[in-house]
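Keep the viewer open as you read.

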Amino acid sequence: MNILLLLFESAFSVFGLLFLLVMIESLIRGHDLPTDSKTTKLICKIIAEYSPEASNFYDLGCGRGALAIRIKRAFPNLCVYGVDTSSIRIILATLRALLLRADVRFLRKDIFDVNLGNADIVYTYLWYDTMPPLEKKLQKELKKGALVIANTSYFPNWEPIQQIETLFLYRKG
C-alpha cells in the first residue's frame, strides 16, 4: 500500500511540475494557439483534396504537437514535422508522440531557420505580425505547387486561392 501511495505521489509531482513549467513558460513566452478538432478535420479534408500526393507536412509553431500528431494519424505515409522555438513545448510534443506511437519529427528551431524547400504542405496558426516576414520566406523557399494553410492570420500580399472558414489556402506558383 505504501509503495502505491509513493508511486501516486511521485506521478502527481511529475505532472504537477510539468504543469507548472508549462504555465511559467506560457507567461514568459506567450501562449500557444492550439488548433481545435473541427478545424483539424477541415485541414485533413483540404489535404486530401488539394495535395493527396504530398510527402512532407510542416506545422510551423507546433506548440505541444496535437495537430502534427493528428495529421500523421490521418495520413500515415506523410512525413510530418513540427517546429517550435520552445524546448518545453517540443519535449511535451515528443512525449505525446511517443505515447501515441506517432512518428512525427519535432524540431526546436526558429521557423525562420528551417529550410522548407522540401515542404509540400505548410500549416501556420501564428500571430499577424509574423505573417509578412513568413510570406517572404515561403515565397523564396517553397517549391512550385506547395500548399500553405494559414489559420486566422493571412499573408498581406499573397492572394489566397480559397478561404474556408478561418483557413486561408495558398498555392506557390
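A residue is called buried when its relative accessible area is under 20%, exposed when it is over 50%, and partly exposed in between (1.4 Å probe, protein chains only). This is a predicted model, in which local features need pLDDT of at least 70 and side-chain atom pairs count only at pLDDT 80 or more, while totals for chains, interfaces and linings use all residues. Residues are numbered from 1 along each chain as its sequence is written, and side-chain values use heavy atoms, with hydrogens and water left out.

Let's begin with the nonpolar cores. In soluble globular proteins, nonpolar side chains tend to be buried together. A nonpolar core here is a set of buried Ala, Val, Leu, Ile, Met, Phe, Trp, Tyr and Cys residues joined through side-chain atoms within 4.5 Å. The largest one has 28 residues, and the members that touch the most others are I43, I46, F57, I71, F106 and I149. Several elements supply at least two residues each, including helix 2 (37–50), helix 3 (66–74), strand 5 (147–151) and strand 7 (167–171); helices and strands are DSSP runs numbered from the N terminus, helices being H or I of at least four residues and strands E of at least two. Helix 2 gives the most to this core, with six residues. Another core, of 22 residues, lies apart from it and has L60, V114, L126 and L142 among its members.

Now zoom in on I149, in strand 5. With 0% relative accessibility, I149 counts as buried. Setting aside residues up to four places away in sequence, I149 touches I43, I46, I47, I121, V122, Y123, T124, L167, F168 and L169, where contact means heavy atoms within 4.5 Å. Leaving aside neighbours within four places in sequence, T39 is in contact with N151 and L167.

Next, the aromatic rings. Rings of Phe, Tyr and Trp (its six-membered ring) pair if their centres lie within 6.5 Å; planes under 30 degrees apart count as stacked, over 60 as edge-to-face and the rest as tilted. By this rule there are six aromatic pairs. Y58 and Y81 form a stacked pair, 4.5 Å centre to centre with 10° between the planes. This pair links distant parts of the chain, as Y58 is in strand 1 (residues 56–60) and Y81 in strand 2 (residues 79–84), 23 residues apart. Both Y58 and Y81 are buried.

Which way do the rings of Y154 and F168 sit? Their centres are 5.3 Å apart and their planes are at 55°, so the pair is tilted. Y154 lies in the loop between strand 5 and strand 6 (162–164) and F168 in strand 7, so the pair ties together parts that are 14 residues apart in sequence. Y154 is partly exposed, with a relative accessible area of 44%, whereas F168 counts as buried at 11% relative accessibility. Ring pairs link Y128, Y154 and F168 into a cluster.

Finally, turn to helix 5 (residues 131–141), where M131, L134, E135, K137 and L138 are buried. These residues cover an arc of only 165° around the axis, which puts them on the same side of helix 5; the arc is that of the directions from the helix axis to the C-beta atoms. On the other side of helix 5, K136 and K140 are exposed. The buried residues of helix 5 pack against strand 1, strand 4 and strand 5.
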